[in-house]
Amino acid sequence: MIRSPLHQQVDTLPDLVREMIDDLVRRIRDSFPRPLCRRLQRVFITGCGDSHHAALNAELAMEQIAGLPCEPQTAMQFSRYTADFLPSTGKDSNLLLGISVSGQVSRTIEALELGRRAGATAVAVTNNRKAPLAGVADLLLETSVPPLQDELAGMIVPGSRSYIASQLVLYLLAIHLGQERGHVSQAQANKLRRELGAMADLMEATIAANDSAARRAAKAWQDEDRFVFCGSGPNYGTAQFSAAKVLEASGDSAIAQDMEEWAHLQYFARHVSTPTILISAGKRDQDRVQEIATAAKTIGRQLAIISPGESALAQHSEVDFLFPLDGKTRECFSPLLACLPGILFAAYRAQFTGEPYFRDFGGGRSAEGGGGISRIRDSHRR
């Protein structure tokens, strides 16, 4: 089967990590001096779409490695319902990271601007240093995602490179903050950076190990029209991202749900056979995922599990499709691997259904001007 443009983009992700990591370490070191790091008391991370999903995935790393309470929020939530109520704990005590690859998303610009007015140290995490987001920030953390080459360069494909880059920069920032604040030693910080560098090889292995299963799942579920992705902790954002790729690639109804909340909500859905994909790092959530898997199969759901291949979840007798991950991966870094099966599935789903990416921007949708009537880039700012 011909490798689709989305598949080809996925294949570039390991090299993307290899290409970006050293430069990001330098950029972060230059942008976040020790005095600033030591004054921080909490971190807010905001963005829309994939940028928000990356923020959700970074919460555990910020708290575990940087030693800082972290609140990932959508840009709408932060700008309209949080910025007015930031804790008054002194200069540079609140760090606000606003993520937007284009740097032009109105709500994220608004969130960063209002957070800065409220006293937070506002950081623009963007691929575009000349964009409005950078103009309202105290600091710029440029991600500089390298452009794709050859025939992929001009194609509009559901994004994954910028998502991986955003995750990588947030993890590296957590390590830097942890080191500068004395929460981890320099030796520990360097070990964590080496672990992130080694993720490129693990991503390559994960793509190879899961490509066939993704194809078989997409083929088996070709007649389905709704999908549910479940995750918790650092992989709740992975569930959100995976559902988003299905929506963007094939236009199918795909939702993300917190693992625990599935038992309180989707468990009662009328449609019996809905494909349900459980995502786990095989650590804190493992026992609950096992219970959810049993419940899902008992009521008739078609089931896939994304988890370390050697975990107890991989031995679940009734799973329809298993997507194995490397079990030695640190839990807070696991989203770099756990997102890959979902992208592969979305790519095959679009191929088998013959649907164009982004519904070919029909029905009032637009690739230009911020998405037509959704007015993503020129919406009114508070």
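Let's start with Cys 332. At 0% relative accessibility, Cys 332 counts as buried. Keep in mind that this is a predicted model.

Where is the closest cysteine sulfur to that of Cys 332? It sits in Cys 70, 12 Å away. That is too far for a bond, because a disulfide needs the two sulfur atoms within 2.5 Å.

Next, Cys 339. Cys 339 is in no disulfide either. Its nearest cysteine sulfur belongs to Cys 332, and the distance is 15 Å. Cys 339 counts as buried too, with 0% relative accessibility.

Now to the aromatic rings. The structure holds eleven aromatic pairs. Take one of them, Trp 221 with Phe 345. The ring centres of Trp 221 and Phe 345 are 5.9 Å apart. Their planes meet at 70°, so this pair is edge-to-face. The cut-off for that label is over 60 degrees.

Which parts of the chain does this pair link? Distant ones. Trp 221 lies in the loop between α9 (186–220) and β6 (226–231). Phe 345 lies in helix α13, residues 335–353.

On screen, find Cys 332, buried at 0%. Then find Trp 221 and Phe 345, the edge-to-face pair.

Terms used
Residues are numbered from 1 along each chain as its sequence is written. This is a predicted model: local features need pLDDT of at least 70, side-chain atom pairs count only at pLDDT 80 or more; totals for chains, interfaces and linings use all residues. Side-chain values use heavy atoms; hydrogens and water are left out. Rings of Phe, Tyr and Trp (its six-membered ring) pair if their centres lie within 6.5 Å; planes under 30 degrees apart count as stacked, over 60 as edge-to-face and the rest as tilted. Helices (H or I, at least four residues) and strands (E, at least two) are DSSP runs, numbered from the N terminus. Buried means under 20% relative accessible area, exposed over 50%, partly exposed in between (1.4 Å probe, protein chains only).
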